Amino acid sequence: MSRPVGRAAALAVLAVGLAAQAWATGNVRRLVAADATTVTLETRSVSVVFGKVADGRRWGILHLGARQADAADAAALTSVRTALKYKATLGVPEPSAYSVFGSSAFKEINRYGGLAVRHADGTLSTELVLRQTAFVADVPGAEHLVFNYCDEAYPFEVTQHFRALADVDVIETWVELTNREPSAVRLLRMDSFAIDLPRLSDTYHVHHLTGQWASEAQLVESELRRGETRAIGSRSGIRDAWEGVPGVMVSFGDRANERQGAVFGGVLCWSGIWAISARRAPDDSLALRAGYDLAFGEYVLDSGRTVELPKFAFSYSAAGKGGLSRNFHDWARRWQMPDGQKMRPIQLNSWEGAYFTFTEKSLHGMMDGVAALGGEMFVLDDGWFGVGDYARNEKDNVTVGLGDWVVNPEKLPQGLAALAGEAKRRGLDFGLWVEPEMACVKSRLYESHPDWVLRERNRPLRTGRGNAQVVLDLVNPAVRTNLLGQLNALVAEAGGLAYFKWDANANLLNVGCPSLDAAHQGNFPFDYVKGLYELLGELREQNPGLAIQACASGGGRADYGFLRYADEFWGSDDTDARERVFIQWGESHFFPAQAIAAHVTKVPYGDLARRTPLKYRFDVAMSCRLGFELEPRDLTADETAFARACVADYKRLRPTIQQGDLYRLVSPYGHSYAALMHAGKSREQAVVFVYGLSRGNWSDYPPPLVLEGLDPARRYAIEEINLPSGRAVHSDAVGKMVSGAALMSQGVPFFLTGDYDSLVLVLQAR
């Protein structure tokens, strides 16, 4: 979704040869002299040094890594020479801060640019020339650098932003494209991040996450070979994180581990079609690309309009993948997520405890149960909406009602206000499941507005989930207005909802958009996401106290684009505790604990025959945002007492788990157990989790667990929690006082008995 260029802004921009709105609105803090050969952007620990390339026509990246005191050092130590005279024939790029198809310092055209434009006259190449460089005024604590370029032959402009956030060691970058040509241009590539680095190493390794439904966020690590590699991507259009979370880590030299190695990483803040790729050139220089994937067709940018590409946030760590993850976690809490430093409540979601079969009385009983356990929120999942023939219930399952966000009076005769009041009377906040982006063909909304759904001209309408579900056209402002009105009405009817579980159980089923003309059909996957963000932004702005969970058939919306508007995401529809060890391990590479919703559920889960102990299920869920997905009244008296104690402990440890530093100690990949810990920022408290997997009792003896993130000069009391009555402790160190130095060198001895044994240790400085 592009925006028009205002006349006043356009005149100001044209007068000084600038495209960025920052200059047009007068918040330039400092222009960089035209004859400057380097410019540096820094956080506490990271430096990006830009240097002039192509005879001063563009900025290239001379250094991206540990902070350097002098930019001249980076310039002196950067070389793009090879042993061969005619290096252009090898496809060796020069350093570039934003590589485009066409611009090159060599005689041969740059074929690997992250931006490719078909200009109004049909020309395919773009040759950018630097117009201005400036530091602009921004939010406190940020250093915002802007580069403005224009094609030397066409009035097509590129404005690139880099915003350094010193307190979290993360740099955000995004790009604005402005078309001042007399007719539309067509974007054939439109990456947010397209850098060409100088030669840093002769070996690189890529670390990313892949998966599928109920098996999200599986860790993949491999050596990056010479040539171009599509590391990961998604073309589903909606459930964008099923196949892989839109983030990547690249280690320079030997493969980085949790504690050691030079590693770069970034996350694309986007909820639609995306791709991340890398190219290791013949001389071992590295090019990285991340952004919107134009798999559905070229994007048409009309004359006089600007499009802003998704943000890419990146960082660097010399302390391995663990250090990089902690940078992302701090950034997410401080800068990206709404209320990121607020504690997330313990909730009971009704789905696995009730599914579609419930009454007001049974829901009151579930509320009683979670309140007795110490829970703080009750969320009513699917099955509460639709009227008459459009009512959602156990008989019709998922085939009716989506789009009609009104209470089913047969199921809830007292209405939402009464149900929310019952929750409040028990000390609980109240939330609802919704699926606003979709509708059923059997719904009042669809029957009244069949033109409001995505569909292809001259082809039958494709339907998903129960052969009944379609995707609404969020490019259409009328659709967004209708949905916003329905959602606001639910908030008002409930007397102020606390929470929406925002689900999405379909991909882009039909590659056609009724609200766009034939020439702009390729725009719709991009503009759909922009429309979604507009809807989410207005919903939160009009309901400041509302929290949102991102759910898309499980972890399909684990991305920082949606998390700009949501407080958390559902980790996976797979709630089996053993499976969740791997899923949450992967998700923790990019997301902090309070962003990952993890619930204690009944056993066995789904089609699995596995029965894990209640303790194990609690131990796994407590490492993230704890919740429940069961009928509390099904618990025995002993289980209820145990669960109540676990909840009480989680509440006192919640600040450390949700806001502390994460250390992944032992990977579940290649080991018979996994271990991680959260250390509070003040180093006064830490919580250690150890999860047994499938293991042999008489042949598997784990070594002492070496901890991290403690104060070596302080002494810590060691406590074990989540122990069922009569169960012996898992470590002889429990009950003792030990120095942080010893815990981080000698380690904590422990043992595990049998499959799915687990332990949780609390370390408290005295």
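Reader: Which helices and strands each supply at least two residues of the lining of the largest pocket?
Author: Keep in mind this is a predicted model. The elements are helices α2 (21-24), α4 (320-336) and α10 (524-542), plus strands β9 (156-165), β10 (170-179) and β20 (305-308).

Reader: Which one gives the most?
Author: That's α10, with 4 residues.

Reader: OK, and how much space lies in that largest pocket?
Author: About 820 Å³. Its lining counts 35 residues, with W174, E308, L309, K311 and K530 nearest the centre.

Reader: What's the lining of the largest pocket like by class?
Author: You get 15 nonpolar residues, 10 polar and 10 charged.

Reader: And the second largest pocket, how much space is in there?
Author: About 420 Å³. It is lined by 21 residues, and W213, W351, E352, Y355 and D573 sit closest to its centre. The lining splits into 8 nonpolar, 4 polar and 9 charged.

Reader: Switching topic: how many residues of β31 are buried?
Author: 5 of 5, across residues 625-629. R625, G627 and E629 cover one side, L626 and F628 the other, and all are buried.

Reader: Which strands pair with β31?
Author: β22 (residues 347-349) pairs with β31 in parallel over 2 bridges, with Q347 partnering G627. β30 (residues 596-601) is also parallel to β31, over 5 bridges, and there T601 partners E629.

Terms used:
Residues numbered from 1 in each chain as written. Predicted model: local features only at pLDDT ≥ 70, side-chain atom pairs only at ≥ 80, totals over all residues. Heavy atoms only, no water. 1 Å grid on protein atoms, 1.4 Å probe; cavity = no way out; pocket = protein on both sides within 12 Å on 5 of 7 lines; lining within 4 Å. Points joined across faces, edges and corners; volume = space filled by probe spheres on them. Nonpolar A, V, L, I, M, F, W, Y, C, P; charged D, E, K, R; others polar. Buried < 20%, exposed > 50% of the residue type's maximum accessible area, 1.4 Å probe, protein only. Pairing = 2+ DSSP bridges.
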